[in-house]
Amino acid sequence: MNAMTDDWLDIGALTDIPARGGRVVKTPRGCLAVFRAADDTVFALDDRCPHKGGPLSDGIVHGHNVTCPLHSLVISLETGAAANPEEGRVRTHQVRVAEGRVLLDPAALRS
Amino acid sequence: MTEKLVVIGAGMASGRALEHLFETDPGAYEVTLFNGEPRGNYNRLMLSPVLSGEKSYEEIVTHDDAWYAENRVTTRFGEAVTKIDRERKVVVSKGGETPYDKLLIATGSYPFILPLPGKDLDGVIAFRDIDDVGRMLGAAELPEAKAVVIGGGLLGLEAAAGLRLRGMEVTVLHVMGHLMERQLDPSAGYLLAKDLERRGIRVHCKAQTKAILGQNRVEGVLLEDGTVYEADIVVMAVGIRPETRLARDAGIEIERGITVDDAMRTSDPDILAIGECVEHRGMLYGLVAPLYDQAKVVARTLLADEAVFLPVELSTKLKVTGCDLFSAGDFSEGPDREEIVFRDAARGVYKRLVLKDNTIIGAVMYGDTADGSWFLSKIKAKEDIAAERDTLIFGPAYAGGAALDPMAAVAALPDEAEICGCNGVCKGKIVQAITGSGLSTLEEVRSATKASSSCGQCTGLVEQVLASTLGDGFQLPTAKPVCKCTDFTHEDVRRLIKAGELKSMPAVWQELGWKTSCGCHVCRPALNFYLLADWPDDYVDDAQSRFINERAHANIQKDGTFSVMPRMWGGVTTAAELRAIADAADKFDVPMVKVTGGQRIDLLGVKKEDLPEMWADLNAAGMVSGHAYTKGLRTVKTCVGTDFCRFGTQDSTGLGIRLEKRLWGSWTPHKVKMAVSGCPRNCAEATCKDVGIVCTDAGFNIGVGGAAGLDLKQTEVIHTARTEEEAMDVTVAFVQLYRENAKYLDRPYRWIEKVGLDWVKSLVVDDLQSRMALVARFDHSQSIYQKDPWAERVEGEKRREFEPLADLRLKAAE
């Protein structure tokens, strides 16, 4: 197969994530939230809101944003930045879809 | 010396390649053309017009015998190549070996068949070649023939439309949430489904096919949810795969397709490939325009000319007469992207442009696609549109003009649309009153038509009808809209959902002119509630539009853990239930067990992934979810009543339990708390609840609209019921009226402040017919929605919400 796919981590099928929803991936350095937007774009972010650590994977996904379930901070899935006027940014990770599988950049496991 | 060229596959790409070859240098090659089908090149794009009867097979043949003869092409139709021997440079078929100097593989693609039980039954047909069309037409001749098409993409819909035109009863099953999801967004998908349904095609989205039924031939299709559609044929149109077997066997490099370089050469320089079987720079192509480009390139490569295939921006159109759609480029959302949305509810038009850095990168259109190529040219040219941005969406014909009319959605309503639900006043009557009697104020319209004179929730809409009828002659007061996606208030939206019979979110977005393509986290939960409350039979609850508590059926806590609260009917429990709760607390290391104000026990600090197992344990002990997290019925608090209390006048505990059993599981605009006290001492504190019943010797005093939260408010009594049954009916009718009319996140007391207690009383108490109709509608909704969410999530697909997608903790961080 493609040499590229060997380096990336296969974390599941795209259809395992509900459209406009998120799932958790556990890693040695904490949980990641992996989202699938309505247009099937996939994103991976640390699963901690920069505000009070809320689990972003439990938020409502709208467009390429997620609203934190604890205090409704809106976080950009692309940049990890909180929408104005709030401050803060959550770490984002490379993730891509190939043949229906969601592949995560192994750098996400490193601090 | 003339070289030998062997071509495998007589499809659209190879036909075009041969044309280019002969045009440039007719004598360069001696060509042998193999085709597995017993015929030559024809225009596969035109299969759907042949299916529908708009064209004949003869009309879509692109190259006939005369053409092959003229160009001295040896045709070997109906003869499949079975092997390529690269060492000896020959291809093998049943007629023997054929030598080549250059070989062109154009094997195209094969239809993907879902691995379902019954897929091999007679009557399961792909939609790939003229023989498939022949099989479909054969089935269409049966009386009352029924077809099920699996796959709501381009191909599936064209097949469906064709079969429908041939008189068949057609159902389209599509696994995604809307049709053609690769090319369309949900709004355009909604309009497409509406158009197809108008022409008699049934569309079933989110359809998981479980099996194709039948003994020897197809009889029907079974879905995961148990639905069965009868079928004489099943057309499988779920996708195509590159046909690469010959190339693979010959040891040519393959990824998803046969990999080719920019000159369309495979890993063997004497073998070239084009069409749907190839992969170029990681991309597969299925549309005709890039395949024709490949044909041009391969012809030049064969003649040793330099040529390079460059991928281009693609656009899609659906060949179904009357369904006008267009899509091009990239229309996903993003923070660095902006969108311009135009909707015309009256004409069923939707247009959306996606912009990035002042260029158009994507366009989706439905209903009016005349400007599609104009937008496509701007996408291709990456043109800076900053200067024309304001009028861009109107296309090339537009030259300056006024902003969009915010009243367009109301103006588009038909005259029969009911504006005032209380008094049954439709739009036409209001317009007639305004124009006929020269009315110009809200009060005049109210007294003349009764519109908005009862609960008053449609006031905003009546004002908009005034404004759209009188133009500048009426000044609209400003009201607070639901969110930035719309100018309508919650009350307007609720009324219009009923009046327009809007039964899905895309329907609301389109018909009410939503300014965003898919709503936001503010409007989506509200719309989800309005739709399920108004259309319990039609609307499918959307979990992704719910707050996590209602999606996970547990209360999220500040550290991301959850609390679990089993129902205790009327606050009564048993030793066995308490034991099961204690066991669960031990087993899952619950850090806090707390008795709540609603007379039940809360287990706090449970990890999300432990929820399904804990629920399974509690379910096994006979307990169900307490819905302590929902906008729905929470608890019915009770005192002990006549069973034990020396002051008790009625069986307050029993009534509380019966009410809770009747009302649990219903969704409401906000949470609903109830209580029943057995005597006026009111130990159950019923007078600060949303509905509180206080028993006396004479009967049951039913109070509504209490509050003991941000605001403190005592209930007001609306009725004294003689019997328990009457008390139940009045309570249920009140809750249903609240469900049907209140703004999302208004508790009952806030809603009553807006509509007035007299109006509530008149429908729930005074008018017995209205009361019983409300009760019937509530019970009907409960027949669909009253189910234990825990049991549903312990097993099956809904469980995945609680499980991690992957556990990489043991993966060494390399």
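How many aromatic pairs does a search of the whole structure find over all chains? The search finds 14. Keep in mind that this is a predicted model. The tour starts with two of those pairs.

**Stop 1: aromatic pairs**

Select B:Phe529 and B:Tyr530. Their ring centres are 6.0 Å apart and their planes meet at 65°, so this pair is edge-to-face. Both B:Phe529 and B:Tyr530 are buried.

Now go to B:Trp615 and B:Trp790. These rings form a stacked pair, with 5.8 Å between the centres and 5° between the planes. Colour the helices to see what the pair links. B:Trp615 belongs to helix α20 (residues 611-620) of chain B, and B:Trp790 to helix α26 (residues 789-794) of chain B. The two residues are 175 residues apart, so the pair links distant parts of the chain. Is B:Trp615 buried or exposed? B:Trp615 is buried, at a relative accessible area of 0%. B:Trp790 is buried as well, at 1%.

Next, select B:Phe22, B:Trp67, B:Tyr68 and B:Phe77 together. These residues make up one aromatic cluster.

**Stop 2: charges over rings**

Show side chains for B:Arg241 and B:Phe112. B:Arg241 lies over the face of B:Phe112, 4.1 Å from the ring centre. Then move to B:Lys503 and B:Trp535. Here the charged end of B:Lys503 sits over the B:Trp535 ring, at 4.6 Å from its centre.

**Stop 3: nonpolar cores**

Which residues touch the most other members of the largest nonpolar core? They are B:Leu163 and B:Leu192, in a core of 98 residues. Highlight helix α17 (residues 523-534) of chain B next. This helix supplies the largest share of the core, eight residues.

Centre on B:Leu163 and show what surrounds it. Setting aside neighbours within four places in sequence, B:Leu163 contacts B:Leu51, B:Met136, B:Ala147, B:Val149, B:Met168, B:Val170, B:Ile233 and B:Val235.

There is also a second, separate core of 49 residues. Its members include B:Leu104, B:Ile105, B:Ile254 and B:Val260.

**Stop 4**

Pick B:Ser652 in helix α21 (residues 652-663) of chain B. B:Ser652 is buried, with a relative accessible area of 0%. Not counting residues up to four places away in sequence, B:Ser652 touches B:Thr638, B:Cys639, B:Val640, B:Gly641, B:Val676, B:Ser677, B:Gly678 and B:Cys695.

Move to B:Ala140 in helix α5 (residues 130-140) of chain B. Why does B:Ala140 count as buried? Its relative accessibility is 13%, and buried means under 20%. Beyond four places in sequence, B:Ala140 touches B:Ala145, B:Arg166 and B:Met168.

Switch to chain A and select A:Val102. A:Val102 is in strand β10 (residues 101-104) of chain A. A:Val102 is buried, at 0% relative accessible area. Leaving aside neighbours within four places in sequence, its contacts include A:Leu9, A:Asp10, A:Ile11, A:Val34, A:Val42 and A:Arg96. The C-alpha atoms of A:Val102 and A:Gly80 are separated by 19 Å, and the two residues are 22 residues apart along the chain.

**Stop 4: chain B as a whole**

Zoom out to chain B. Its C-alpha trace spans about 115 × 75 × 60 Å along the principal axes. The secondary structure comes to 26 helices and 40 strands. Of the 814 residues in chain B, 55% are buried.

Colour by domain using this assignment for chain B:

- domain 1: 3-110 + 242-302
- domain 2: 124-238
- domain 3: 324-394
- domain 4: 408-540
- domain 5: 549-625
- domain 6: 633-785

The centres of domain 1 of chain B and domain 6 of chain B, taken over C-alpha atoms, are 75 Å apart.

**Last stop: confidence**

Colour chain B by pLDDT. The average is 89, and 97% of the residues score at least 70. Which element of chain B has the highest mean pLDDT? Helix α22 (residues 724-741) of chain B does, at 97. Strand β22 (residues 315-317) of chain B has the lowest, at 71. Finish on residues 399-404 of chain B. There pLDDT stays under 50, and the model has three contacts beyond four places in sequence for this stretch.

Technical notes:
Residues numbered from 1 in each chain as written. Chains lettered and ligands numbered in written order. Predicted model: local features only at pLDDT ≥ 70, side-chain atom pairs only at ≥ 80, totals over all residues. Heavy atoms only, no water. Phe/Tyr/Trp six-rings, centres within 6.5 Å; stacked < 30°, edge-to-face > 60°. Buried < 20%, exposed > 50% of the residue type's maximum accessible area, 1.4 Å probe, protein only. Helix = DSSP H or I, 4+ residues; strand = E, 2+ residues; numbered from the N terminus. Lys NZ or Arg CZ within 6 Å of the ring centre and 35° of its normal. Core = buried A, V, L, I, M, F, W, Y, C linked by side-chain atoms within 4.5 Å. Contact = heavy atoms within 4.5 Å. Domains from an automatic or database assignment. pLDDT = per-residue confidence, 0-100.
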